Every structure is written in C-alpha cells, then in structure tokens.
Amino acid sequence: MRAELIFTGSELLLGQVVNSYADYLSRRLGALGIEVVRQTTVGDHRERITAVLESALAVPGLVIITGGLGPTGDDLTREAVAGLLDLELVFDAGSYQRIREFYGSRGEDVPASVQREAFLPAGARALPNPCGTAPGIVLKRDGSTLIMLPGPPQEMKAIFEESVEALLAGLAGGNRIIRSRLVKFYGLSESDVLEHLKNLEGPGKAAIAYTARPGEVHVRVTGTGTDEKSALRLVEPVLQRAREQLAEFIYGYDEDTPELGAGSLLAASGLTLALAESCTGGMIAARITSVPGSSDYFLGGVVAYDNRVKQGLLGVSGQTLELKGAVSNETAREMALGACRALRADLGLSVTGIAGPGGGTPQKPVGLVHFALARGAGVVAGREFIFPGLRQAVRNGAAICALQLLRSYLENLKKE
C-alpha cells in the first residue's frame, strides 16, 4: 500500500518549527508495511492546500495530512477537503460532546471559536483526541483513504497510536512487511561511513539511507519481506558490517542515546558524576540533565573556558598549562581530577579541545579534543580524538564521545 504525507503550517516552511511528524509517521507506517512515496509541506493557504490534496488523491492509496484542524483562521484543512470534494461540513454531536467534557473538566465553557472543531466533511468519521479538542478525521473517497490529524505533536501521536494504527493495519494487508534499524555513528563524516557500507544495498538487498548531522551520522537500514523475519534478514548484513568495521564509532541503535545509556549505568552503579567542560561549553551537562532522574547521579559541572578558571576552580597547575597547553592529555586529566574534588563526586569527566575555526596548529589541529575520566584520586580512562567538520560538529561529536567514554567505563565496571 502506498501513502502520501502532507504537512500544513507556515511555521514549518519558515523554519520556526522543526517537522518532527515526518520521521514519526514514516517509521510507524513502515512498520505496518505501508510505503511512503511522497511528503509535501505546504503553508496555511487554502488554495495551495487544495492543490496538494488534489494531486495526492489522484492516485488511490493512503493520504495523511497534519495540521489545520484547530479553531483559528489559519486552520484550513477541514474547509479545503470539503471544498475539493464538494462536501458539506456537518456538525458531529459526539465530537462536540467530547469537546464539552474537555472544557468542563477545567470548569470552563466551550469558546465559540472551538465549536468549529466539531464540524466534519459529510461522510467522514471522527477519531477521538485523548490530549486535546480537535478530533482526527478519516474519510474514504474513490479508492483513497484520507486521514486528517491535528498539528500539535502530542495530539497527532496520541490519535495515531490509539485509532489510526489499528485502522491501517486492516487496510495494509499482511503480504508486505517493512522493517528498519537505525545505526548512529560519531566522529566520522558521511563519506567515511558510506565507504565502509557500500555494495550492501540494491535489488534483493536492504535500502540504506544516510543522514549527516553536526558531529554524527545516522544510517537507516530498511528491509522489505513477506514477514518480519525475511525483512530483518536483509537488514542484518549491514548491521554486521557496521559492527565489524566501525564498532568504535557506533554510539547507539534506534532510540538509544549516549546520555540514556550512561545515565542508566550511573543510576545502577550508585556513583555520582561531575563535569569539567571546556570546548563543549556545557553541552555534556545539557545532555545528561535532559534525562529524567539525572539528579540522582549528576552533581554539577564547571565550564572552564579560560585558563584562570581551570586553575582557580579545578586546580590545573600553571606549569601544566604553560608546558603542555590547555588542549592536552595532561590538562584533561587534571581537569577531571579537579571536578571530583570541587564537587565531591565519585567520577569526574573532562573535555578540552580546539573547536575552531581558528586556534589550530600543525601539532594541534582544529578538531583535536582530549578526554579524561577520573575516579577519586586517579584517572581511570582517557582518549584523544580529532573530529571532522566545522565548529558545531566538533562540539557535538566531543559531547557524544565523552559520554561514550563514561559509558564504556561503567559497562566494564559492571562486568567485574
């Protein structure tokens, strides 16, 4: 079964909001064996929405459109569909009752503007919204199934998972299954990864898609088969090649992140962590504290950009800075030990490097970063790495690498 996705919202075109819908819906549909053949983003303009819908509905299949179902003047999806298909908008009592219950639970009356959310194109069916007021809408017409979902991501996802998924499982049939795995690399360029995984895709093999991000590369490997086993059989050779040739650069699979992995190991170990960051400027702390419950193991950090801060707060010796420089293995080690002392933590993790674009030398090029992990009065792990790319790529890659150093130590500690 083929599917087209349409995302409405001028904020998406202006870059004010990141389109998180595409990744979510494509993955969910792929798991149901539904192939997404086209994605279109269109602004809040009725004629343009109508034109995109007309093109999508010209070929029988599935069309999902997000956004434009709310109460404001720029919410135009409902009207565009009704106008294109020459349908009246009719009042749906069940939807209005759910809207009343939503506002009633807050002790409020339904605003007049919100009442329009209870109107559906004639012949359509409402899909209950567990997180808001605008219902999803499903409409079948001339061999196509059109599904309209609200724009707020939490509402769109809730309706999809509670109503749409079961509906589509019945439509898709069971003769074609699509399964994907995501492999996440750091410290490599997209071309580096491509060089190692080439010749593994094509007819009868997996499909491989590359996404380059600052400091990392994501590779989605997709197999298509008659059942889950046959689909994953196509994916496995690519994963195996990645593990054999690029294992040290893999930081996770699918939904895994280094902060989640390191955080769960820290929580299990009972150890506490302090940070000493230079070139990353607090990025590692931000990632760690994005995980709920991180206050159980993360005490705090020092962003030591200036050498006076490295000396004054972390106790890095002036002699080390003078003889070895701020970007050195020796300075990283003293920063990690200083973080343990200053914050009275079990573990101290440090990073210092040259993010660029200036500051590099032949001996210490842009992208060079040193890492150290201390426990108590001793350094237990360290690393030196030269990251490719521009400033943000170096910084992001360094944050991932630091967390991977911590994660590796904790994994080995767990085995002892």
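Buried here means under 20% relative accessible area, exposed means over 50%, and partly exposed is whatever falls in between, using a 1.4 Å probe and protein chains only. You're looking at a predicted model, where local features need pLDDT of at least 70, side-chain atom pairs count only at pLDDT 80 or more, and totals for chains, interfaces and linings use all residues. Residues are numbered from 1 along each chain as its sequence is written, and side-chain values use heavy atoms, with hydrogens and water left out.

**Stop one: His196**

Select His196, in helix 7 (residues 190-197); helices (H or I, at least four residues) and strands (E, at least two) are DSSP runs numbered from the N terminus. With a relative accessible area of 29%, His196 counts as partly exposed. Now show what touches His196: beyond its neighbours within four places in sequence, there are contacts with Arg241, Gln245 and Leu246, contact being heavy atoms within 4.5 Å.

A pocket is an open set of points on a 1 Å grid over the protein atoms alone where a 1.4 Å probe fits, with protein on both sides within 12 Å along at least five of seven lines; lining residues have an atom within 4 Å of a point. Colour strand 11, which gives the largest share of this lining, 7 residues. By class, the lining of the largest pocket has 13 nonpolar, 10 polar and 14 charged residues; Asp, Glu, Lys and Arg are charged, Ala, Val, Leu, Ile, Met, Phe, Trp, Tyr, Cys and Pro nonpolar, and the others, Gly among them, polar.

Then jump to Gly68, Gly70, Asp75, Gly151 and Pro152, which lie nearest the centre of the second largest pocket, lined by 22 residues. This second pocket holds about 330 Å³, and its lining splits into 7 nonpolar, 9 polar and 6 charged.

**Stop three: two helices**

Finally, show helix 9 (residues 258-269) and helix 14 (residues 391-415), whose axes come within 9 Å and cross at roughly 35°. The axes are lines fitted to C-alpha atoms over the stretch in contact, with angles from 0 to 180 degrees between N-to-C directions. Among the contact residues are Leu265 and Leu266 of helix 9 and Leu403 and Arg407 of helix 14.

Definitions and conventions: Grid points are joined across faces, edges and corners, and a volume is the space filled by probe spheres set on the points.
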